[in-house]
Structures are given as structure tokens and as C-alpha cells.
Amino acid sequence: MLLPILSYPDPRLRTIAEPVKVVDDEIKTLIKDMFETMYDAKGIGLAATQVDRHIQLIVMDLSDDRSAPRVFINPKVTPLVEDKKPYEEGCLSVPDVYDKVERPAKVRIEAIDGEGNEFTEEVDGLLAVCIQHEMDHLNGVLFVDYLSRLKQTRAREKVRKVVKQREKQPVTVKA
């Protein structure tokens, strides 16, 4: 089932996510729905906060052919290096806005997968950037928060226009 994605500056995007208590059928259904929503929106990552569910759950697929779905429940991210690298970021909650954000280049992820198994992984590159971006969502932070006030204002205006355009488009039902 496709879920509505909240758009910046919706105040619900600022909600701090609660830990997931148990990986049950309800969580597994939400994971499936979040993947469907993310793929439909042509995204590579989606935090539960973005679909107005305020729990510590992230889905991600960095592959070109949707062959590498990843689930991160109750994730903890620890930077492993001092140096930060700039990376051009975008966000499904901030449509059509892209800008550079500097983040640690290598991190350790500790999380639970979609089956309830704990794992730890050291990552760099796009996965390191993406997990930090999505973790920010769970903490009520958006990538535009790292930008200047002027760029934040421009982002808000651009999102408003994009949302208005989308509302004018005819609705297609996907079965």
C-alpha cells in the first residue's frame, strides 16, 4: 500500500522517533509498504517519520534495479573518521531540492534487520551518507537544516510549488 509522504515544512517531520519494541507482523507490513512507497517515489531511502509513523525504522535500496532492499530498525550510527565529505543530497520530503551536505565519510551502523536480527556494519560512500540522512529524520532533522537560511527559504518555496503542481495532476490508481 502506498503511504503519503510528508513534505517540508510539515511540523510532523520534526517528531523524534520512538524505538521499535518488537518486530511483529504490523512492523513487517509497514516495511513492505514503505518499500513500495519509496520505489514508487523513485527514492533510495525512507524513514518511518516521513510517512507519519514515528518509530525508528528506515528502509533503503541503493541498487539501480531494486535488488538490494535493506532494513534498519533502532539504528545507531557512530562516525569512524574525523574528516567529512560533501555529498549532493535530496529528499523525498523536500522534492526537487538538492544541495551539498558534509557528513562523516565512514560510519559504524548497529541495527536490527527486518527479521529482528541484530547486526553491525562499517560502511562508507553512499550508504554512509544515506544512513546518516535517514537517521536525521528519526531525530526530527532534515538535510535543509544544514543549509543557510536563504537556501532554506528557497527550499520551502520550491517544495510549496512542487506540492501545488502535484495536487493539480490527475490521480492515477495503482492496483
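The legends below describe close-up views of a predicted model. Local features require pLDDT of at least 70 and side-chain atom pairs pLDDT 80 or more, whereas totals for chains, interfaces and linings use all residues. Residues are numbered from 1 along each chain as its sequence is written, and side-chain values use heavy atoms, with hydrogens and water left out.

View 1. The strands are arranged in the order S1-S2-S3-S6-S7 and pair in antiparallel fashion. Helices (H or I, at least four residues) and strands (E, at least two) are DSSP runs numbered from the N terminus, and two strands pair if DSSP finds at least two bridges between them. Strands S1 (45-47) and S7 (118-124) form the edges; each has a single partner strand, so one side of each lacks a neighbour in the sheet. On average, neighbouring strands are turned by 40° against each other, direction ignored. S1 and the antiparallel strand S2 (residues 57-60) are joined by three bridges, and Gly-45 stands opposite Met-60 in S2. Helix H1 (residues 25-40) packs on the sheet and touches S1, S2 and strand S3 (70-79), its direction making about 45° with that of S2. Contact here means heavy atoms within 4.5 Å; axes are lines fitted to C-alpha atoms, for helices over the stretch in contact, with angles from 0 to 180 degrees between N-to-C directions.

**View 2. The salt bridge between Arg-12 and Asp-52.** A salt bridge places a side-chain nitrogen of Lys or Arg within 4 Å of a carboxyl oxygen of Asp or Glu; by this rule the count comes to twelve. The closest N and O atoms of Arg-12 and Asp-52 are 3.1 Å apart. This pair links the segment before H1, where Arg-12 lies, to the loop between S1 and S2, which holds Asp-52, across 40 residues. Asp-10, Arg-12 and Asp-52 are linked in a network of salt bridges. Relative accessible areas are 38% for Arg-12 and 30% for Asp-52, and both residues are partly exposed. That class lies between buried (under 20%) and exposed (over 50%), with a 1.4 Å probe and protein chains only.

**View 3. The salt bridge between Arg-70 and Glu-121.** The two side chains meet at 2.5 Å, N to O. Arg-70 belongs to strand S3 and Glu-121 to strand S7, so the pair ties together parts 51 residues apart in sequence. Arg-70 is partly exposed at 24% relative accessibility, and Glu-121 is likewise partly exposed at 24%.

**View 4. The salt bridge between Lys-151 and Asp-99.** An N to O distance of 3.2 Å separates these side chains. Lys-151 in helix H3 (residues 149-168) and Asp-99 in strand S5 (residues 94-104) are 52 residues apart. Lys-151 is partly exposed at 37% relative accessibility, whereas Asp-99 counts as buried at 17%.

View 5. Most residues other than glycine have a negative phi, and most peptide bonds are trans. The peptide bond from Tyr-8 to Pro-9 is cis, with omega near 10°, and Pro-9 is found in the segment before H1. Asp-52, although not a glycine, has a positive phi of about 65°. Arg-66 is not a glycine either, and has a positive phi of about 60°. Arg-66 lies in the loop between S2 and S3 and is partly exposed, with a relative accessible area of 48%.
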